[in-house]
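The plan is to look things up one at a time and jot down what turns up.

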Amino acid sequence: MKDYFVLQLVMNNRKTKEAGFNPVLGYLLVLIVFVLLSEYIFHKTEFAKYLVMLVCFSFQFKLSENRRTDFLLSTFGNKSKNKIRVLENSIVCIPFVSNLIHKNLFLEAVILFICSITIALFSFRTSLNFTIPTPFSKNPFEFLTGFRKTFFIFPLAYALTAIGINVDNFNLGIFSMLLISITTLSYYSKPEKEYYVWVHADTTKSFLKKKIIIATKNYILLTIPILIGLLIFYPIKFNLTLLFLFIGILFLWTIVLAKYSAYPDEIHLSEGFIIAFTILFPPLIMVVIPYFYTKSINNLKFIFNDKN
Amino acid sequence: MIKIKVLSKSYNSNEVLKEINMEFSRGKVYGIVGENGAGKTTLFKCIAGLESYNGEVLSDVQPLKNYLGLLLTDPFFFSKITGKEYLRLLCNARGKRNINIDQKNIFDLPLNQYASTYSTGTKKKLAITAILLQENEYFILDEPFNGVDIQSNIVLTEIILKLKELDKIIIVSSHIFSTLSDTCDEIILLRKGEQIKSVQKVDFKTLEEEMKEITIGNRIEKLELK
């Protein structure tokens, strides 16, 4: 059992290193982000305690996934499997329980701890087997697979826009648009296997052009309900609405090109910093897009057998 | 035609392919055999252009990769993509649109289910269907018969023979010798990255015996089964 946890630590350290961090620094950074984020949430909403519990459960549900617990059962036997799972869930809940205690929410802390131990004794299917319909079937795959993983975001964003219009809060509509933008950016955060780039009978340029056009079309399709709502109810602010749409599109291009400029690796820390700076100072995007484009062209030349 | 000239491939100091020279003609089926680690998959990836190499790979239509249907040993599928969407993705990639996918579903695949939920054999059949729908000129099939049921293996053998009739080039690797002897015109033996020999159809039986002899040797006796 001890070996199992040592191995988990080694694997986590490897992942942190792959992300470009020294493991100790990585853990410290996660802790700082966790503290700042929880302070922010408690400051912003009275529902923060529920959010804290929900996030903790979501991590624990992942650990209770059927195939994972089956593996533990077949490798360690029932008794040790239960011990491992209880210990894992206890480790996961420590920061969340500490957070609740820190906020004097003792009852919630006890409930969270008891639930964490109980969840450890069960296993769940974490993936839905039925096929979620999408409007992106004709042009797989980023929006198609991404939409299915994040489908619950879209009714939420559209509902927020409707609420925003209802209470005359234009900013809430813009926030919904940003929510969709951030969600769609995540579709391009992981590189696909080389086969799925290689298989395209394209040149590097035509491949990137195709990717960017499809991403733009699909992004606009998802934002249309919000756009229509805002343009109808806030016609005088049409320039602001279109500006945010345009910024969303530019960031989408940035992330598509950033992905292929690091390909076949994941987006490196350096690209991540460039994107972060661009978010802080958006005019930079005019330099960043051509930079990532040139880098992507050079990077993909080998796969596309491009001589130019 | 596909011509491989003095192709070598190394990972650091480990040379996995050593000066390979091969020529594949249209309307013929070629088998590549060899033990695990002989270099078959690396050779296929080099021909496809998925791996860098020293030497030359020439073909009568250029670029070769745009006309090549490549079936990998263990095809990867995205987690939330259905069989039909996978076929569409691979057809779109080659500019083949408006294909009647349902009509061409010859393996009766559950096309509206997520491909990641398919069994190993069904995944392979999906990947094979995809490269067939792409209407390629060349085919590289790495272990196409592995994990596929007997009925589908019979269909697959017929498909390979049909492709041959259509003047395509088909290169197949398989650990099941009978599947190769049924379809191939020539079998090339690789061992530790070296091209050991090429054998024509009339000599397949001798090759099979030779391979048995080399592979089995006295290993069974060593086990001292009781």
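**Before anything else.** I remind myself that this is a predicted model.

**The sheet in chain B.** I started with the strands. I found an open sheet of three strands in chain B, in the order E2-E1-E4, and the pairing is antiparallel. Which strands stand at the edges? They are E2 (14–24) and E4 (54–59) of chain B; each has a single partner strand, so one side of each is left without a neighbour in the sheet. I also looked up the twist, and it averages 15° from one strand to the next.

Next I zoomed in on one pairing. Strand E1(B), residues 2–11, runs antiparallel to E4(B), and five bridges join the pair. For a landmark I picked Ile4(B), which sits opposite Val57(B) of E4(B).

**The cores.** How many residues does the largest nonpolar core have? I get 97 residues, and Ile140(B), Ile170(B) and Ile171(B) have the most contacts inside it. Helix H11 of chain A (residues 238–262) gives the most to this core, with nine residues. There is also a second, separate core of nine residues; among its members are Phe96(A), Val97(A), Leu100(A) and Leu112(A).

I went back to Ile170(B) to see what it touches. Ignoring neighbours within four places in sequence, I list Val29(B), Tyr30(B), Phe139(B), Leu141(B), Ile160(B), Leu163(B) and Lys164(B) as its contacts.

**Where chain A meets chain B.** I looked up who takes part: 20 residues come from chain A and 26 residues from chain B. On the chain A side, helix H6 (142–149) and helix H9 (195–198) each supply at least two residues. H6(A) gives the most to that side, with four residues. Sorted by class, the chain A side has eight nonpolar, seven polar and five charged residues.

**One residue: Asn92(B).** I found Asn92(B) in helix H2 of chain B, residues 83–93. Is Asn92(B) buried or exposed? I noted it as buried, because it has 20 C-beta neighbours inside 10 Å. Leaving out neighbours within four places in sequence, its contacts are Asn139(A) and Arg97(B). I also checked Asn92(B) against Gln134(B): they are 42 residues apart in sequence, and their C-alpha atoms are 8.7 Å apart in space.

Notes:
Residues numbered from 1 in each chain as written. Chains lettered and ligands numbered in written order. Predicted model: local features only at pLDDT ≥ 70, side-chain atom pairs only at ≥ 80, totals over all residues. Core = buried A, V, L, I, M, F, W, Y, C linked by C-beta atoms within 7 Å. Buried ≥ 20, exposed ≤ 12 C-beta atoms within 10 Å, placed from the backbone. Contact = placed C-beta atoms within 7 Å. Nonpolar A, V, L, I, M, F, W, Y, C, P; charged D, E, K, R; others polar. Pairing = 2+ DSSP bridges. Axes fitted to C-alpha atoms, helices over the stretch in contact; angles between N-to-C directions.
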